[in-house]
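Look at the sequence and the fold together, and keep both in view while reading.

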Amino acid sequence: MKIVDIKTFLMMAGAPESTGSSSWSARNWCFVKIYTDEGIVGIGEGSGWPRVVQTAIEDLRPIVVGEDPMNIERIWQKMLISTMGAGMTGTPGSGAINAIDMALWDIKGKALNTPVWNLLGGQVRDRIRAYGHASTPERALELKEQGLTGVKTGGVHRTADKVEAIRKAVGDDMDIMVDAHGPPWFNAKDAIIVGKSLEQFNLLFYEDPVPPDNVDALRRVQDNVNIPIAAGERHSHIWGVRRLIEEEIVDVVQPDTGRIGGISQLMKIAAMAEAHYISVAPHSGSLGPVAEYAAIHVLAAIPNGLILERVHDDVPIRYDVVQPHIETVDGYIQVPDRPGLGVDIDEDVVAANPSRGNTSTPGSPDDGSYEPGTYEEHLYVQTRYRRQRTLRAPGSGA
Ligand SMILES: [Mg+2]
């Protein structure tokens, strides 16, 4: 079998008119299809600045066309070496490699008439635990009623108050996570203070407490806060998360299924993590639905899969652009048994939603983009001047 063509499908994934929020105005999804001389077509997705990823995929075309798609590792290594002259790969580069790698696994599954999870070693589990996002107790309860057993809230601004309210609403049988989103001005001491205020809530994990490049600060947070630490969503491939795993700086590693470098890299990272008793909770915050399928196949096959992040009800177009939809029972994702990834995109829906930009606009406090009173925590540089308000202990009043 030979690869004969590659096509990219870039689309707007959350325009202002569909969400009522200008903060989502330039989120894109980039899908890829790889065509073979035997008529088998593989589908993949790349994240990490999707419009740039699209160009990178097109640049990689001559590296990939003509190869036998079954030789996934050979093609992966060719792609990496071909981009060395551009410097460190970065997330757009690894997003492009990621999309192609994912499509190759889809082709292999279809060619062998078996699901991707079967190629990865078979099923460890036939359903996947997932969590959703909530910034209010009402939203957390809504997720609980959907059957989800985990909920994540975000920010570093009055976080303990937020978690306390959510815990009171959902009770003790739902896991809560906090994502600090690693704001650039947040140092190790800030993160330790916030972390200590959260210890009483028995969180499943405390995510990105400091900026992801500040690995030494993350080490200090890990040593001083008694909550499992999670990080890794902004990194690329095995080398990006190597220190986090080898030095056991994280308890949970969070590769982004669209930009970590593909299913091949996810499996290697899972094995590296397993050797250090670290679990895997793939990041899915801005990803499209094809990458979500890839995460499901990986989580079905790895022993140390913890939980999958889901933004399943963020924008209606998520349900328009792929078929079939992910099936859930009692909040758990059912692992599909169709050949390959078991999903396809609707090209007409992609064409009807052309990209109109690729950077996020911060919106304004008045346009409905943010929960009341949370705008400044998104504009990180301003929050620095509200340290007392940000870091105060829970229950200390408004
Ligand atoms: Mg995150």
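A residue is called buried if 20 or more other C-beta atoms lie within 10 Å of its own, exposed if 12 or fewer do, and partly exposed in between, with C-beta atoms placed from the backbone. By this rule, 51% of the 398 residues of the chain count as buried. This is a predicted model, in which local features need pLDDT of at least 70 and side-chain atom pairs count only at pLDDT 80 or more, while totals for chains, interfaces and linings use all residues. Residues are numbered from 1 along each chain as its sequence is written.

The chain has 17 helices and 16 strands. Both are DSSP runs numbered from the N terminus: a helix is H or I over at least four residues, and a strand is E over at least two. Two residues are in contact if their C-beta atoms, placed from the backbone, lie within 7 Å. Among the contacts in the chain with a separation of 6 or more, 73% join residues 24 or more positions apart.

Begin with the sheets. Strands of a sheet pair through backbone hydrogen bonds, either parallel or antiparallel. Here two strands are said to pair if DSSP finds at least two bridges between them.

How many bridges join strand 1 and strand 2? Strand 1 pairs with strand 2 (residues 28–36) over nine bridges, in the antiparallel sense. Leu10, for example, has Cys30 of strand 2 as its bridge partner.

Strand 4 and strand 15 (residues 332–334) are antiparallel and share two bridges. Within strand 15, Ile333 is the bridge partner of Ile128.

Next come pairs of helices. Helix 3 (residues 72–82) packs against helix 4 at an angle of about 165°, with the axes 10 Å apart. Angles under 35 degrees count as roughly parallel, over 145 as roughly antiparallel, 65 to 115 as roughly perpendicular and the rest as oblique. Helix 3 and helix 4 are therefore roughly antiparallel to each other. In this contact, Ile72, Ile75, Trp76, Met79 and Leu80 of helix 3 meet Ile97, Ile100, Asp101, Leu104, Trp105 and Lys108 of helix 4.

Are helix 8 and helix 9 roughly parallel or roughly antiparallel? The axes of helix 8 (residues 188–198) and helix 9 (residues 215–224) come within 9 Å and cross at roughly 30°. The two helices are therefore roughly parallel to each other. Helix 8 contributes Ala188, Ala191, Ile192 and Gly195 to the contact, and helix 9 contributes Ala217, Arg220, Val221 and Asn224.

Finally, consider some backbone details. Most residues other than glycine have a negative phi, and most peptide bonds are trans. His237, which is not a glycine, has a positive phi of about 45°. His237 belongs to helix 10 (residues 237–246), and counts as buried because 25 C-beta neighbours lie inside 10 Å. Tyr277 likewise has a positive phi, near 60°. Tyr277 sits in the loop between helix 11 (263–275) and strand 11 (279–280), and counts as exposed because it has 9 C-beta neighbours inside 10 Å. The peptide bond from Gln323 to Pro324 is cis, with omega near -15°. Pro324 lies in the loop between strand 13 (322–323) and strand 14.

Terms used. Axes fitted to C-alpha atoms, helices over the stretch in contact; angles between N-to-C directions.
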